[in-house]
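Please look over the sequence and the structure, then read the points below.

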Amino acid sequence: MYRIVFLRGFTLVLLVSLNTALIRDKRTALSVLVAMCISLVWWLNASASSKTRLTGRYASLWYALGAGAGTMVGLFLGGL
């Protein structure tokens, strides 16, 4: 179950990191597309989070680990 929490943090922060790099490089069309994906993932994440029973220290740790991994992958993809 913690895999889902990890993937939520990973996906959201990957997209934010990627979009930051796209904005920096003035890649407007891709940046708008990724921004739409961020909003979609944010909406789905908020909706799913309100229905889950995963809370507490372990869930927050897995979310944070996913966010860190998402940052690394997003920055890598943004540099391509």
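A residue is called buried when its relative accessible area is under 20%, exposed when that area is over 50%, and partly exposed in between, using a 1.4 Å probe and protein chains only. By that rule, 29% of the 80 residues in the chain are buried. The model is predicted, so local features need pLDDT of at least 70 and side-chain atom pairs count only at pLDDT 80 or more, while totals for chains, interfaces and linings use all residues. Residues are numbered from 1 along each chain as its sequence is written, and side-chain values use heavy atoms, leaving out hydrogens and water.

**Overall layout**

- The chain holds three helices and zero strands, where helices (H or I, at least four residues) and strands (E, at least two) are DSSP runs numbered from the N terminus.
- Read from the N terminus, the order of elements is α-α-α.
- The C-alpha trace spans about 40 × 20 × 15 Å along its principal axes.
- Contact means heavy atoms within 4.5 Å. Of the contacts in the chain with a separation of 6 or more, 78% are between residues 24 or more positions apart.

**Helix α1**

- The expected span of a helix is 1.5 Å times one less than its number of residues. For the 23 residues of α1 this gives 33 Å, and the end C-alpha atoms are 33 Å apart, which agrees.
- The buried residues of α1 are Val-5, Arg-8, Gly-9, Leu-12, Leu-14, Leu-15, Ser-17, Leu-18, Asn-19, Ala-21 and Leu-22.
- Ser-17 is part of helix α1 and is buried, because its relative accessibility is 9%.
- Leaving aside residues up to four places away in sequence, Ser-17 touches Gly-70, Thr-71, Gly-74 and Leu-75.
- Asn-19 also belongs to helix α1 and is buried, because its relative accessibility is 8%.
- With residues up to four places away in sequence not counted, Asn-19 touches Leu-30, Ser-31, Val-34, Ala-35 and Ile-38.
- Asn-19 and Ala-69 are 50 residues apart along the chain, and their C-alpha atoms are separated by 16 Å.

**The loop after α1**

- Lys-26 follows α1 and sits in the loop between α1 and α2 (28–49).
- Phi of Lys-26 is near 55°, which is a positive value in a residue other than glycine.
- Lys-26 counts as exposed because its relative accessible area is 71%.

**Helix α2**

- Ser-39 is located in helix α2. This residue counts as partly exposed because its relative accessibility is 49%.

**Helix α3**

- α3 has 22 residues and reaches 31 Å from its first C-alpha to its last, close to the 32 Å expected at 1.5 Å a residue.
- Ala-59, Gly-66, Ala-67, Ala-69, Gly-70, Gly-74 and Gly-78 are buried in α3, and the buried residues of this helix pack against α1.
- Ala-64 lies in helix α3 and is partly exposed, because its relative accessible area is 46%.
- The C-alpha atoms of Ala-64 and Thr-11 are separated by 12 Å, and the two residues are 53 residues apart along the chain.
- Phe-76 is another residue placed in helix α3. Phe-76 counts as exposed because its relative accessibility is 54%.
- Between the C-alpha atoms of Phe-76 and Ser-17 the separation is 9.1 Å, for residues 59 apart along the chain.

**How α1 and α3 pack**

- Two packed helices are described by the angle between their axes and the distance between the axes.
- The axes of α1 (residues 2–24) and α3 (residues 57–78) come within 6 Å and cross at roughly 30°. α1 is therefore roughly parallel to α3.
- Axes here are lines fitted to C-alpha atoms, for helices over the stretch in contact, and angles run from 0 to 180 degrees between N-to-C directions.
- Angles under 35 degrees count as roughly parallel, over 145 as roughly antiparallel, 65 to 115 as roughly perpendicular and the rest as oblique.
- The contact of α1 with α3 comprises 19 nonpolar, seven polar and two charged residues.
- In that count, Ala, Val, Leu, Ile, Met, Phe, Trp, Tyr, Cys and Pro are nonpolar, Asp, Glu, Lys and Arg are charged, and the others, Gly among them, are polar.
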